Amino acid sequence: MTHYQRNIVNHPSVSPPLTLIRNATILSMDENIGNIERGDILISGSTLSAVGENLDDRGARVIDASNMIAMPGMVDSHRHSWEGQLRRINPNATCLDDYSNATHFSFARYYRPGDIYIGNLLTALGAIDAGITTIIDNSHNSRTAAHSDAAVEALLDAGIRALHASGPPVSGDWDRGHWPGNWQRLQEKYFSNNAEGLVSLAVMAQLEPALWAEARRLGLPIVTEFFGDGMASELEALHQQGLLGPDNIFNHCTALPDEGWKILREAGVRVNVCPRSDAHYGIENGMFAIEAAQRHGINPGLSVDNETSYSTDMFMEMRVAFYLQRAMGMHHQHCCGSAQALKTLPAAQLLKAATVDGAACAGLQHKVGSLTPGKQADLILINAADLNLYPSGNAFGTVVHAAERSNIHTVMIGGRIVKQDGKVVGVNSKRLRAAVDESREYLFAAAGYKPDLFAENFLPLGQAN
């Protein structure tokens, strides 16, 4: 797959002039518009024109959304998309080393550009299927310029909105000469005349001021894997030197002391948290940091992180977040001598984290995250008449506590329908599966790995059967 075929997806090239979504239950996630029990959404090309009741169709194509919930597309603010073909290879991982052994220190070293392409494409299409219309793609396996190109081209072909954070690999051999110059090359090749495109560029770098300086010279956001207990001691010096700012995006932020949170707040650093991966991999204290973030005035986005152990969907992310908060609050109340449980977020606030706050984390709050006239028409329709959802006693409860990807009837990105009647449109499923299978078989053979569908966990390659 050194040379890969970009003929797996064929989305419509343009949005229809006018579309009217009629009779939906609307969760706008916009405080000024509010929620509407039976409302309409008018879309002009790629843009939301009006949200309200009994709108004039003006000759628009009409979508009957009776018994459906309309809401903004969800935002996954941290995903390692290149790992798509390694889904659930490590279901019972217990630590971050387990994740790294199944990715960076094994298969990642053998990825060809075509493997990066199909991994990113599969992840992006899976996100669309699950109602995620925007992702921050944390791409830390770009071994050559061709690998970087493949990652970007997959996102473009998938039709998803994305912030592509390009970074060098963690282990193995790679073309070290193309970092950090690769960022300017990507910017000039794909993004110099693409200000209104779906995909934009960022960089992925750790606490490395020299690399941050290059990113800032190019005007690119900086994404960092940040673990608060281990890295907090470096924050004060970075802040005193003026090196932290609103262009920083920090993932995880687990176990960060209060002083660290104060610095992030003062500097305007954007944050996302990972309810499942922090618990699944036992990262630091194992608890995602939404309570601490909000206590310090930061509203973080939610993120899936990866699919090597669990599913792609934000519905499960919100549910895990809800129940982890409840469990920790009860533990605090009953085991720590507190008269009151910790304040936990209700369903509506968790949906905000998955939409509005995720958009802000990506720096796209002016474009997406809410159903606000003037923003891009990135939205989903959930069929609340489905057997597992009907009757809908509470719209937020239905979305956060009960909905799943199979209930998503329609997904729209920039006014284009990319999922309709429950199916992602324009995808040649036969070609997609063939490309995924070829990539997996190559990677397994190159790494000397013999897959076992029933193994409890991935074994480091030296221990594999």
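The largest nonpolar core of this structure, which is a predicted model, has 114 residues, and those with the most contacts inside it are Phe107, Leu121, Phe250, Trp261, Leu264, Met318 and Ile382. Helix H2 (residues 113-129) supplies the largest share of this core, namely nine residues. Apart from it lies another core, of 18 residues, including Ile21, Ile36, Ala65 and Met412. In soluble globular proteins, nonpolar side chains tend to be buried together.

**Surroundings of Phe250**

- Leaving aside residues up to four places away in sequence, Phe250 touches Leu207, Trp212, Thr224, Phe226, Leu235, Leu244, Leu264, Val269, Arg270, Val271 and Asn272.

**Packing of H3 and H4**

- Helix H3 (residues 145-158) packs against helix H4 (residues 181-191) at an angle of about 40°, with the two axes 11 Å apart; the helices are therefore oblique to each other, and H3 passes H4 in a right-handed crossing.
- On the H3 side the contact is made by Ala145, Ser148, Asp149, Val152, Glu153 and Leu156, and on the H4 side by Asn182, Arg185, Leu186, Lys189, Tyr190 and Phe191.
- Sorted by class, this contact of H3 with H4 has six nonpolar, two polar and four charged residues.

**Packing of H12 and H14**

- Helix H12 (residues 347-354) and helix H14 (residues 395-402) cross at roughly 65°, their axes coming within 9 Å, and H12 passes H14 in a left-handed crossing.
- Ala347, Ala348 and Leu351 of H12 make this contact with Phe396, Val399, Val400 and His401 of H14, so that by class the contact has six nonpolar, one polar and no charged residues.

**Cis peptide bonds**

- The peptide bond from Trp179 to Pro180 is cis, with omega near 0°, and Pro180 is found in the loop between strand S8 (161-166) and H4.
- A cis peptide bond also runs from Tyr390 to Pro391, with omega near -5°, and Pro391 lies in the loop between strand S14 (379-383) and H14.

- Cys253, which is found in strand S11 (residues 248-254), has a phi near 55°, a positive value in a residue other than glycine; with a relative accessible area of 0%, Cys253 is buried.
- Asp421 likewise has a phi near 55°, positive in a residue other than glycine, but its place is in the loop between strand S16 (416-420) and strand S17 (423-424), and at 58% relative accessibility Asp421 counts as exposed.

Terms used
Residues numbered from 1 in each chain as written. Predicted model: local features only at pLDDT ≥ 70, side-chain atom pairs only at ≥ 80, totals over all residues. Heavy atoms only, no water. Axes fitted to C-alpha atoms, helices over the stretch in contact; angles between N-to-C directions. Helix = DSSP H or I, 4+ residues; strand = E, 2+ residues; numbered from the N terminus. Parallel < 35°, antiparallel > 145°, perpendicular 65-115°, else oblique. Left-handed = near helix turned anticlockwise from the far one by under 90°. Contact = heavy atoms within 4.5 Å. Nonpolar A, V, L, I, M, F, W, Y, C, P; charged D, E, K, R; others polar. Core = buried A, V, L, I, M, F, W, Y, C linked by side-chain atoms within 4.5 Å. Buried < 20%, exposed > 50% of the residue type's maximum accessible area, 1.4 Å probe, protein only.
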